[in-house]
Amino acid sequence: MVTAFVMIKANTGEADRLRDSIETIEGVQSAHIVAGDVDIIAKAQVETPAAVKNIAATQIQGIDGVENTQTYIAMD
């Protein structure tokens, strides 16, 4: 099992809508609006690193209102 955290920068005023959309993606366990350099942190648990790429680079980045993402794969 691969655990990853996706840091998401949202367009102004879009965080609530984006969080709701991100939480519906298969493999995403949770998404939280946070204070700091990013607006949302999503946690994903999937079978392969390729599935992480699909979630972050295709599905999350494909949502209108997402400015940027950074993905971190847990090492433990």
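## Briefing: a predicted β-α-β-β-α-β protein

Strands here are DSSP runs of E with at least two residues, helices are runs of H or I with at least four residues, and both are numbered from the N terminus. This is a predicted model, in which local features need pLDDT of at least 70 and side-chain atom pairs count only at pLDDT 80 or more, while totals for chains, interfaces and linings use all residues. Residues are numbered from 1 along each chain as its sequence is written, and side-chain values use heavy atoms, with hydrogens and water left out.

**Overall layout**

- The protein has 2 helices and 4 strands, and along the sequence they follow the pattern β-α-β-β-α-β.
- With a radius of gyration of 11 Å, close to the 11 Å that the globule rule gives for 76 residues, the protein is as compact as a globular protein of that length. The radius is taken over C-alpha atoms, and the rule is 2.2 Å times the number of residues to the power 0.38.
- Along its principal axes, the C-alpha trace spans about 35 × 20 × 15 Å.
- Of the contacts with a separation of 6 or more, 64% are between residues 24 or more positions apart; a contact means heavy atoms within 4.5 Å.
- Buried residues make up 36% of the 76 residues. Buried means under 20% relative accessible area, exposed means over 50%, and partly exposed lies in between, using a 1.4 Å probe and protein chains only.

**Annotation**

- An unreviewed UniProt entry carries the annotation "domain: Transcription regulator AsnC/Lrp ligand binding" for residues 6-75. UniProt positions are in the numbering used here, feature names are shortened, and annotations may be inferred rather than shown by experiment.
- That span is 30% helix and 37% strand, and its end C-alpha atoms lie 14 Å apart.

**Strand pairing**

- Strand 1 pairs with strand 3 in the antiparallel sense over 7 bridges, and strand 1 also pairs with strand 4 in the antiparallel sense over 7 bridges. Two strands count as paired if DSSP finds at least two bridges between them.
- F5 has a bridge partner on either strand: K43 in strand 3 and Y72 in strand 4.
- I8 has I40 as its bridge partner in strand 3.
- Strand 2 and strand 3 run antiparallel and are joined by 5 bridges. Their hairpin has 6 residues between the strands, and G36 takes a positive phi near 135 degrees there.
- Strand 3 has a covered face made of I40, A42, A44 and V46, and an uncovered one made of I41, K43 and Q45. In a regular strand the side chains alternate between the two faces of the sheet.

- Helix 1 (residues 15-23) has A15, L18 and I22 as its buried residues. Seen down the helix axis, these fall within an arc of 65 degrees, so they line one face of the helix; the arc is that of the directions from the axis to the C-beta atoms.
- Their cover includes strand 1 (2-10), strand 2 (28-33), strand 3 (40-46), helix 2 (49-60) and strand 4 (66-73).
- Strand 1 is largely enclosed by the rest of the structure, because 7 of its 9 residues are buried.
- The largest nonpolar core has 20 residues, of which I8, L18, I22, A42, I55 and I60 touch the most other members. Strand 1, helix 1, strand 2, strand 3 and helix 2 each supply at least two residues of this core, and the largest share, 5 residues, comes from strand 1.
- A nonpolar core is a set of buried Ala, Val, Leu, Ile, Met, Phe, Trp, Tyr and Cys residues joined through side-chain atoms within 4.5 Å. In soluble globular proteins, nonpolar side chains tend to be buried together.

**Around I60, Q61 and T69**

- Not counting residues up to four places away in sequence, I60 touches V6, I8, I22, I25, I55, V66 and T69.
- Q61 is found in the loop between helix 2 and strand 4, and is partly exposed with a relative accessible area of 41%.
- Leaving aside neighbours within four places in sequence, Q61 is in contact with A56, V66 and T69.
- T69 is found in strand 4 and counts as buried at 11% relative accessibility.
- With neighbours within four places in sequence left aside, the contacts of T69 are V6, M7, I8, A56, I60 and Q61.
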